[in-house]
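Work through the exercises below with the sequence and the coordinates open. Each task is followed by a solution in steps.

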Amino acid sequence: KLQEQAWMTNFAQSFADVPLMVTFDGEWGLSMRLKYTPVFPKNVVLGCIQNDRLIYEYGQEVARQCKEMGVTVNFAPVADVNRNPNNPVINVRSFGEEPHEVA
């Protein structure tokens, strides 16, 4: 639950002499790891969007949500290139199959 996660983060921070680095692997937002949070498209879908402003706003919203949860580092987005469509790990986590487009 979202409130419980925020509470745990704040509780842990309250005991720290220096701010804790709270990290998260949220390639498609908080919903990648937390239930009951807004669901965004996977990177493979975002890679098809040609509107840079829309992608920028998406990134801002993911960052806002991470900040609200106390996340200081989100290990996303990644620059994986889906060179092997049968790879079950990268697959939809990649923005595409062409390195120059993924970059």
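**Exercise 1: a residue in a helix**

Gln-65 is buried, with a relative accessible area of 8%; buried stands for under 20% relative accessible area, exposed for over 50%, and partly exposed for the range in between (1.4 Å probe, protein chains only). The model is predicted: local features need pLDDT of at least 70, side-chain atom pairs count only at pLDDT 80 or more, and totals for chains, interfaces and linings use all residues. Residues are numbered from 1 along each chain as its sequence is written, and side-chain values use heavy atoms, with hydrogens and water left out.

Task: state where Gln-65 is found and which residues Gln-65 touches, not counting residues up to four places away in sequence.

Solution. 
- Step 1. Gln-65 belongs to helix H3. Helices (H or I, at least four residues) and strands (E, at least two) are DSSP runs, numbered from the N terminus.
- Step 2. With residues up to four places away in sequence not counted, Gln-65 touches Leu-30, Pro-38 and Phe-40. A contact here means heavy atoms within 4.5 Å.

**Exercise 2: aromatic pairs**

Task: find how many aromatic pairs there are, and classify the pair Phe-11 and Phe-15.

Solution. 
- Step 1. Rings of Phe, Tyr and Trp (its six-membered ring) pair if their centres lie within 6.5 Å; planes under 30 degrees apart count as stacked, over 60 as edge-to-face and the rest as tilted. By this rule there are 3 aromatic pairs.
- Step 2. The ring centres of Phe-11 and Phe-15 are 4.9 Å apart and their planes are at 75°, so this pair is edge-to-face.
- Step 3. Both residues lie in helix H1 (residues 2–15), 4 residues apart, which is about one turn of the helix.
- Step 4. Phe-11 is partly exposed at a relative accessible area of 42%, whereas Phe-15 is exposed at 61%.
- Step 5. Phe-40 and Tyr-58 also form an edge-to-face pair, with 5.3 Å centre to centre and 80° between the planes.
- Step 6. This pair links distant parts of the chain: Phe-40 is in the loop between strand S1 (23–24) and helix H2 (43–46), and Tyr-58 is in helix H3 (residues 52–68), 18 residues apart.
- Step 7. Both Phe-40 and Tyr-58 are buried.
- Step 8. One aromatic cluster is formed by Trp-7, Phe-11 and Phe-15.

**Exercise 3: a charge and a ring**

Task: which ring does the charged end of Lys-42 sit over?

Solution. 
- Step 1. The criterion is that NZ of Lys or CZ of Arg is within 6 Å of the ring centre and within 35 degrees of the ring normal.
- Step 2. The ring is that of Trp-28, with the charged end of Lys-42 4.8 Å from its centre.

**Exercise 4: a residue in a loop**

Solution. 
- Step 3. Not counting residues up to four places away in sequence, Glu-98 touches Val-81 and Arg-83.
- Step 4. The C-alpha atoms of Glu-98 and Met-21, 77 residues apart along the chain, are separated by 33 Å.

**Exercise 5: the whole chain**

Task: give the order of helices and strands along the sequence and the share of buried residues.

Solution. 
- Step 1. The chain has 4 helices and 2 strands, in the pattern α-β-α-α-β-α.
- Step 2. Of the 103 residues, 26% count as buried.
- Step 3. Along its principal axes the C-alpha trace spans about 45 × 30 × 25 Å.
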